[in-house]
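I open these notes to record what I looked up in the structure shown below.

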Amino acid sequence: MITGKTKIMGLIGDPVEHTISPFMHNAGFKYFDLDYAYVPFHVARENLKFAIEGARALDIKGLNVTIPHKIEVMKYLDVIHETAWLIGAVNTIRFADEVEGYNTDGLGAIRGIKELTPLKGRKVIILGAGGASRAISFQSVLSGAGQVVIANRTLEKALKLALNLKDNLNVDVKAVSLGEELEKELEDADILINTTPIGMYPNVDDKPLVTSDMMHEGLVVNDVIYNPLETGLLREARLAGAKTITGIKMLIYQGIESFKIWTGREPPLKVFEEALEDEIKKL
Ligand code: ATR
C-alpha cells in the first residue's frame, strides 16, 4: 500500500519498459517490511539533468541508473564513490545530505564468481572493452585478481582500457585481440567473463568467441548476458567441463549491493531469486 509515508526509489533509463529490477527491490522491501516502493522512470537523454534535480526535489531516496545515462549522470552528483570514479560510471545514486554516486555492476559480477572461486591472485580474461568490461575489470583488480587480460575485436579499445587499469591500479594487465592470442592466454586462465553482446537474444545462435576446445576443466566461465540463461559460451563451457555462472547472478548481486547502499540492509539471495523466478521463465 502506497501512503503519505512511502519512500520512493527507482530506476532511470531509456528504455525501461523491460526492466526486471522492480521485482527484486520491491520483494526486498517487503521482506524487511520497509515502506518503500521502487518505480522505473523513462528519462530521455535531454531530460537527465531535470530528472536528477526533480528526484532531489521530490525527496526520492535512491535511484538505479541504466543505459544511456551511466556516464553522463556523474555531472549532476555531489560525491562520487571511489569505485564508480575509477570505473567512470554510476549505476546507483543515494540521495542523502549530498547526492552520492556508486557503481555496483562490477561488484555484482565478482560476487557471483566468488561463490565458485576466489579472485585473489587469479588470472582473469575479459571479452569486450565497453562499459561492462570497464566495471568488471576494475572490480576484478580491486578484488585481488593477479592478472587481467582484456580481449577485444578492436585491439585499440582493449589497449586503452588496459592502460587505464595500469595507470590507476598498477596491475599486471594485458590487451589482446581475438583469435590466436586469446587462445594462448586461455591455456592458463582461471576465470573467463564475456561482456560482449554475442549470443544475446534474439541472436542466440551466434558463434561464441571462445569454444570448448579452447577451455579447460579448471576454468570458471561467466556471461553477463542473462537472456538466454545458458548462452552459447556457457554451453561450450559446460561441454568442456568448466564451471559456469549465468548473467542473472550479476543482475541479482548488483541489485543486492544497491539495496544495501540505500537501506543499510542485505536481502538474502533467495528473496531476489524468487522474485525473479516468474520473469526468468518468460525469457
Ligand atoms: P557495454 O557497455 O554493454 O559493455 P559496449 O560499450 O557497446 O557495451 O561494448 C560492447 C563490446 O562488445 C565492445 O568491446 C565490442 O567490441 P568493439 O570494441 O570491437 O566494438 C564488443 N562486440 C560487440 N559485438 C561484437 C562482435 N560481433 N564480435 C566481437 N566483439 C563484439
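Which residues are around the ligand? Counting a residue as near if one of its heavy atoms lies within 4 Å of the molecule, I noted Gly128, Ala129, Gly130, Gly131, Ala132, Asn152, Arg153, Thr154, Lys157, Thr196, Pro197 and Ile198.

Before going on I wrote down that the model is predicted, that local features need pLDDT of at least 70 and side-chain atom pairs pLDDT 80 or more, while totals for chains, interfaces and linings use all residues. Residues are numbered from 1 along each chain as its sequence is written, and side-chain values use heavy atoms, with hydrogens and water left out.

I sorted the shell by class, with Ala, Val, Leu, Ile, Met, Phe, Trp, Tyr, Cys and Pro as nonpolar, Asp, Glu, Lys and Arg as charged, and the others, Gly among them, as polar, and found four nonpolar, six polar and two charged residues. A polar backbone atom of Gly131 is 3.1 Å from a ligand oxygen, an N or O atom in the side chain of Arg153 is 3.0 Å from one, and a polar side-chain atom of Thr154 lies 2.4 Å from one. Taken alone, the ligand exposes 640 Å², and the protein buries 65% of that, by the Shrake-Rupley method with a 1.4 Å probe.

**Ala84.** Is Ala84 buried or exposed? Ala84 sits in helix H3, residues 82-87 (helices are DSSP runs of H or I with at least four residues, strands runs of E with at least two, numbered from the N terminus). Its relative accessible area is 0%, so I put it down as buried (under 20%, with exposed over 50% and partly exposed in between; 1.4 Å probe, protein chains only). Setting aside residues up to four places away in sequence, Ala84 touches Met74, Ala89, Val90, Gly101, Tyr102 and Asn103, a contact being heavy atoms within 4.5 Å.

**Leu229.** I found Leu229 in the loop between strand E11 (220-223) and helix H8 (232-239), and its 33% relative accessibility makes it partly exposed. Beyond its neighbours within four places in sequence, Leu229 is in contact with Leu234, Thr246, Ile248 and Ile280.

**Whole chain.** The protein chain has ten helices and twelve strands. Its C-alpha trace spans about 60 × 40 × 30 Å along the principal axes, and 51% of its 283 residues count as buried.

Technical notes:
Polar contact = N/O pair within 3.5 Å; in protein donor to acceptor, adjacent residues only side chain to side chain.
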